[in-house]
Amino acid sequence: MKRKRIIRTVIVVLAALLLLFPKRTLYKDGGTATYTALLYQVIVWHQLQGVDMPYKTGVEVRLFPHNFGGL
């Protein structure tokens, strides 16, 4: 009984680690960063635009299943 509880706890912790911890990706477009996990994606925009408006900035959050698309 105790062994099953330990195995179940280990499985739950591993699943939480896989689903919730993001991979960070940096882009060379002025400083945009994405944090992508299996359940969500956070995009921190800092993109170089042009002369009249130098940077596009902001934060975008995408939840599963829409978090696997491109920027």
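Visitor: Hello! How many salt bridges does the count come to here?
Guide: Welcome! This is a predicted model, where local features need pLDDT of at least 70, side-chain atom pairs count only at pLDDT 80 or more, and totals for chains, interfaces and linings use all residues. Residues are numbered from 1 along each chain as its sequence is written, and side-chain values use heavy atoms, leaving out hydrogens and water. With a salt bridge taken as a side-chain nitrogen of Lys or Arg within 4 Å of a carboxyl oxygen of Asp or Glu, the count is one.

Visitor: Which residue does Arg-62 meet in a salt bridge?
Guide: Look at the side chain of Arg-62, where the N to O distance is 3.0 Å. The partner in this salt bridge is Glu-60.

Visitor: Is Arg-62 buried or exposed?
Guide: Buried means under 20% relative accessible area, exposed over 50%, and partly exposed in between, with a 1.4 Å probe and protein chains only. Glu-60, at 27%, is therefore partly exposed. Arg-62 has 15% relative accessibility, so Arg-62 counts as buried.

Visitor: Which residues gather with Arg-5 in a patch of positive charge?
Guide: Arg-5 lies in helix 1, residues 2–20 (helices are DSSP runs of H or I with at least four residues, strands are E runs of at least two, numbered from the N terminus). Arg-5 is exposed because its relative accessible area is 59%. A patch takes residues with over 30% relative accessible area and no salt bridge, joining like charges within 9 Å and nonpolar side chains (Val, Leu, Ile, Met, Phe, Trp, Tyr) within 5 Å. On the surface, Arg-5 is gathered with Lys-2, Lys-4 and Arg-8.

Visitor: How many bridges pair strand 3 with strand 4?
Guide: Two strands pair if DSSP finds at least two bridges between them. A hairpin of six residues joins strand 3 to strand 4, and His-46 stands opposite Thr-57 in strand 4. Strand 3 and strand 4 (residues 55–63) run antiparallel, and their bridges number nine.

Visitor: Which residue of strand 3 stands opposite Ala-33?
Guide: Strand 2 (residues 33–36) and strand 3 (residues 40–48) are antiparallel, joined by four bridges, with a hairpin of three residues linking them. The residue in question also has Val-59 of strand 4 as a bridge partner. Opposite Ala-33 stands Val-44.

Methods
Accessible areas come from the Shrake-Rupley method with a 1.4 Å probe; for residues, only the protein chains shown count as cover. Lys and Arg count as positive and Asp and Glu as negative; His and the chain ends are not counted. The place of a charge is taken as NZ of Lys, CZ of Arg, CG of Asp or CD of Glu.
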